[in-house]
Amino acid sequence: MTSTRMMAALLVAGAGLSAGAAFSQTTDAMWDASQLPETRGTVKQYTLTPRGDVDGLILSDGTEVKLPPHLTAQVVFAIRPGDEVSIRGLRARAIPLVDASSVTNVATGKSVVDNGPPDGPASRTADRTISGHIASLLHGKRGEVNGALLEDGTELRLPPAEADRLSDWLRPGQAISIRGDLLETPLGKLVDVRSIGTSPDRLTEIEGPPPPRGPKRGPDRLGPPPPPPPRG
């Protein structure tokens, strides 16, 4: 009887310790990145958002590594082009794409882990027209094409629906001209594409996302009020 009670007490204590350990882990990070598949490679360059934040890496073998933009400062501090990195994250089935949970610099041991909220935006430059040849396509987390990388390292970004509509022009090796807002930073160059074509004098406008809808009975749906009726 005594041994049974002791065993029960040990089980309760063990359960309490396990629960406490689990709670301490979830308060620091919800997921254990070390359990995810590892990908290794050498960083070729950063990828940027239209606001100039780093949203990923491109490895020397062409693999895209997606990272949340709020890690920009950490990524630039720990990881630079030419560094060998170890990446923990989910790999796409059909294309060389990794949705990263952490990235570690193999030489220095410095790691970047997604544990924080987004930070503030960056600025955008004036409208420019640029020509070049496409080196590779860029993708979102779900594998959808959302831009392209030129041979000189310039990134092009456009809505996935438009990238799909203009897929005949977005092919590796294709000569292309684009017009849009050019962002130049120490981390790289990016164009938020407004029009695209095979030459600067033959450009097709990019359709942006639809404007947000107003309230069903708001003034934007009803129009201006009617004039008052005439007197008498």
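A salt bridge is taken here as a side-chain nitrogen of Lys or Arg within 4 Å of a carboxyl oxygen of Asp or Glu. The model is predicted: local features require pLDDT of at least 70, side-chain atom pairs count only at pLDDT 80 or more, and totals for chains, interfaces and linings use all residues. Residues are numbered from 1 along each chain as its sequence is written, and side-chain values use heavy atoms, with hydrogens and water left out.

**Salt bridges**

- Side chains of opposite charge can pair when their charged atoms come close.
- The whole structure contains 12 salt bridges.
- Lys 141 pairs with Asp 99 in a salt bridge whose closest N and O atoms are 3.7 Å apart. Because Lys 141 lies in the loop between strand 7 (127-139) and strand 8 (145-150) and Asp 99 in strand 5 (residues 97-105), the pair ties together parts that are 42 residues apart in sequence.
- Accessibility is classed as buried under 20% relative accessible area, exposed over 50% and partly exposed in between (1.4 Å probe, protein chains only). Lys 141 counts as exposed at 52% relative accessibility, while Asp 99, at 29%, counts as partly exposed.
- Glu 38 and Arg 40 form a salt bridge with 3.0 Å between the closest N and O atoms. Arg 40 is partly exposed at 48% relative accessibility, and Glu 38 is partly exposed at 33%.
- In the salt bridge between Glu 162 and Arg 165, the closest N and O atoms are 2.6 Å apart. These two residues are 3 residues apart in helix 3 (residues 160-165), and so are separated by about one helical turn. Glu 162 is buried, with a relative accessible area of 5%, whereas Arg 165 is partly exposed at 42%.
- A network of salt bridges links Asp 55, Lys 66, Glu 155 and Arg 157.

**Secondary structure and strand pairing**

- The protein chain has 4 helices and 12 strands. Helices (H or I, at least four residues) and strands (E, at least two) are DSSP runs, numbered from the N terminus.
- Two strands are said to pair if DSSP finds at least two bridges between them.
- Strand 10 (residues 175-185) pairs with strand 11 in the antiparallel sense over 9 bridges. The two form a hairpin with 2 residues between them, and Asp 181 stands opposite Asp 192 in strand 11.
- Strand 9 (residues 155-157) runs parallel to strand 11 (residues 188-199), to which 3 bridges join it. Arg 157 has Asp 192 as its bridge partner in strand 11.
- Strand 11 is also joined to strand 12 (residues 202-205), running antiparallel, by 4 bridges. A hairpin connects strand 11 and strand 12 through 2 residues, with Ile 196 opposite Thr 204 in strand 12.

**Nonpolar cores and packing**

- A nonpolar core is a set of buried Ala, Val, Leu, Ile, Met, Phe, Trp, Tyr and Cys residues joined through side-chain atoms within 4.5 Å.
- The largest nonpolar core has 19 residues, of which Leu 57, Val 75, Ile 79, Ile 87 and Val 103 touch the most other members. At least two residues of this core come from each of strand 1 (38-48), strand 2 (54-59), helix 2 (72-78), strand 4 (84-91) and strand 5.
- A second, separate core of 16 residues includes Ile 130, Ile 176, Ile 178 and Ile 206.
- Contact means heavy atoms within 4.5 Å. Apart from its neighbours within four places in sequence, Val 75 is in contact with Tyr 46, Val 54, Leu 57, Leu 67 and Val 112.
- Among contacts in the protein chain between residues at least 6 apart in sequence, 54% join residues at least 24 apart.

**Burial and exposed surface**

- Of the 232 residues in the protein chain, 33% are buried.
- The protein chain exposes about 14,500 Å², of which carbon and sulfur atoms supply 57%. Accessible areas come from the Shrake-Rupley method with a 1.4 Å probe; for residues, only the protein chains shown count as cover.

**Confidence**

- The average pLDDT (the predictor's confidence in each residue, from 0 to 100) is 78 for the protein chain, and 71% of the residues score at least 70.
- Over residues 1-28, pLDDT stays under 50, and the model has 1 contact beyond four places in sequence for them.
- Where pLDDT is low, the predicted coordinates should not be read in detail.
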